[in-house]
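Could you go through them and tell me where you disagree?

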Amino acid sequence: PHPPKPPYPYPSKFINTTLMCTKFVKEMEKMALYVVVLLIICYASPARSDGSDHKYKSGDQVPLYANKVGPFHNPSETYRFFDLPFCTPDHVKEKKEALGEVLNGDRLVSAPYKLDFLYDKDSEIVCKKKLSKEEVSQFRSAVAKDYYFQMYYDDLPIWGFLGKVDKEGKSDPSEYKYYLFKHLHFEIFYNDDRVIEINARTDPNALVDITEDKEVDVDFMYSVKWKETKTPFDKRMEKYSQSSSLPHHLEIHWFSIINSCVTVLLLTGFLATILMRVLKNDFVKYAHDEEAADDQEETGWKYIHGDVFRYPSHKSLMAAALGSGTQLFTLTIFIFLLSLVGVFYPYNRGALFTALVVIYALTSGIAGYTAASFYCQLEGTNWVRNLILTGALFCGPLFLTFCFLNSVAIAYSATAALPFGTIVVIFLIWALVTSPLLVLGGIAGKNSRAEFQAPCRTTKYPREIPPLPWYRGTLPQMAMAGFLPFSAIYIELYYIFASVWGHRIYTIYSILFIVFIILIIVTAFITVALTYFQLAAEDHEWWWRAFLCGGSTGLFIYGYCLYYYYARSDMSGFMQTSFFFGYMACICYGFFLMLGTVGFRAALFFVRHIYRSIKCE
């Protein structure tokens, strides 16, 4: 007698592996949720000063750290505070910094000023210093480039300029006068036993002429004035976020949203009217009298039902792009959730960079699962190579860009150059978290055995695509597809750029989230519309076209980078230029992958829907 057939179509070993992978993916989802909750708990509370609870008694030493100096118009080009010949304290103490703070270019060291709690000081001398010719030249170069300094007092930021240039009545730059500020006034507001606010201003009368290369004697001084305020401690950071919530700014933001909403309504109304009417006519014709459908330009999508689900060329690359795009989309959603619950309040140093690194590492399993699952649906066999491609598709260009820009920062001795220890930490996160999760997600995706749900059978030989006009080519279609989503977000882009590549503070995350939702909707709809018109012209190679059209908004954003750099900013110098265009290229590439995935998924859903609604021969 024959042995009884097993109750499952696959061996028990395969079933156990699948169950284990499924359980593992669920456990990783729980772990990712726990990590996000921990991030919220860690960052929603204000940063602590050396373990302090921000409560002080009269005469207590309040931590004051000098952070960095640099040209005001070049936010990436910053240097250590004592790279300039300031008064150096006897014992320079470096503050231990988190990963995000180091990535942000912060290098906090103990400042030469002593601002003890509730102790006023008047013209206290920090040090008397004789500046050499080289030091005078160094200060003059800094003043000419509008150098500013940044400090943190009880985790409150302080800014100020190093000096000023007297250009009044002088047309020739060689006649300009350069002055160094030598007296700093600190005005500190307190409420009971807590520091609430601090302002630093320079004395316009206490100047040192550093126009000529000669030795100069300087008495660096500072004054401290304490004032009482009624502002509660938990509202002391609101001062920094109010600038982006001023009425005239809010009006512009709401105008941006209304503009975007009108775009969405017009687009969706147009698509709903056109597509529903056309598709309804198509369905009626095909259901009653298929031979009556003579107008192939309008109803030609029916005639390519045997080719429309033919798998695309370079399917491994497509699966990898979809995996990376899905991961970046998930990352963006998590970042928005953290911002909406108040994690990224102003000057929470490094919180955004820490969140980006941690969440990207934890979501790599999503990329592996999506890529391997879709690759196997397309009957791909070399899933290991597909996983390697998925892992390298976004991280590869980012790593190469980082290597070049970090080398530039090292050459400039800037704080943007990451220390070797930080690079090792990032490598370990990639090696011990990102890569294993990517592989495990890929194994789970491969073993999911999901089938590609094609409503129509694919013919053995592909149908020839008829000649098409130039405007139906890939590049003109990408230009049309990218323009509408970009027009819905371009007003908000200025404020984001001014925050990331300037000193403006952006805190209206709710409005930004609404704009992001509008961007996703417009991208999906415009890709669906262009896919329908492509199929109606009997062009069945829609897979890559849908992805490229969806992602083309990223190219428009990079085009906006060129406009912003030359027309809206005062950035200059090789380092700042390379940082701006280098990292913006990576960000726009990420947008390309993410929005390309959104566009493709929407187009795939639409194509399946319309071909499922007709009887295919």
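**Notes on the sheets, helices and voids**

1. Strand 9 (183–191) and strand 12 (216–228) run parallel and are joined by eight bridges. Strands here are DSSP E runs of at least two residues, helices are H or I runs of at least four, and both are numbered from the N terminus.

2. Some ground rules before going on. This is a predicted model, with local features needing pLDDT of at least 70 and side-chain atom pairs counting only at pLDDT 80 or more, while totals for chains, interfaces and linings use all residues. Residues are numbered from 1 along each chain as its sequence is written, and side-chain values use heavy atoms, with hydrogens and water left out.

3. Two strands count as paired if DSSP finds at least two bridges between them.

4. Strand 4 runs antiparallel to strand 12, and eight bridges join the two. On that side, lysine 128 stands opposite aspartate 219 in strand 12.

5. There's also an open sheet of three strands, ordered 7-8-11 with antiparallel pairing. Its edges are strand 7 (163–166) and strand 11 (207–209), each with a single partner strand, so one side of each is left without a neighbour in the sheet. Neighbouring strands of this sheet are turned by 30 degrees against each other on average, direction ignored. Four bridges join strand 7 to strand 8 (residues 177–181), and glycine 163 has leucine 180 as its bridge partner in strand 8.

6. For angles, axes are lines fitted to C-alpha atoms (for helices, over the stretch in contact), and values run from 0 to 180 degrees between N-to-C directions.

7. Which residues of the largest cavity's lining are closest to its centre? Of the 17 lining residues, they are Phe86, Tyr113, Phe181, Leu184 and Phe220. This cavity has a volume of about 210 Å³, and the structure holds four cavities of 30 Å³ or more. Strand 5 (147–153), strand 9 and strand 12 each supply at least two lining residues. The lining divides into 14 nonpolar, two polar and one charged (Ala, Val, Leu, Ile, Met, Phe, Trp, Tyr, Cys and Pro count as nonpolar, Asp, Glu, Lys and Arg as charged, and the others, Gly among them, as polar). On the method: with a 1 Å grid over the protein atoms alone, a cavity is a set of points where a 1.4 Å probe fits but cannot get out, a pocket is an open set with protein on both sides within 12 Å along at least five of seven lines, and lining residues have an atom within 4 Å of a point. Grid points are joined across faces, edges and corners, and a volume is the space filled by probe spheres set on the points.

8. The second largest pocket contains about 540 Å³ of space. Its lining has 23 residues, with Pro89, Ala111, Pro112, Tyr113 and Lys114 nearest the centre. Strand 4 gives the largest share of that lining, four residues. The pocket's lining residues divide into 13 nonpolar, four polar and six charged.

9. Last, a helix pair: helix 12 (residues 474–500) and helix 13 (residues 509–536) pack at about 175 degrees, with their axes 9 Å apart. Helix 12 and helix 13 are therefore roughly antiparallel (the term applies to angles over 145 degrees). Among the contact residues are Leu484 and Ile489 of helix 12 and Val515 and Leu519 of helix 13, where contact means heavy atoms within 4.5 Å. The residues of this contact divide into 15 nonpolar, two polar and one charged.

How values were computed
Parallel < 35°, antiparallel > 145°, perpendicular 65-115°, else oblique.
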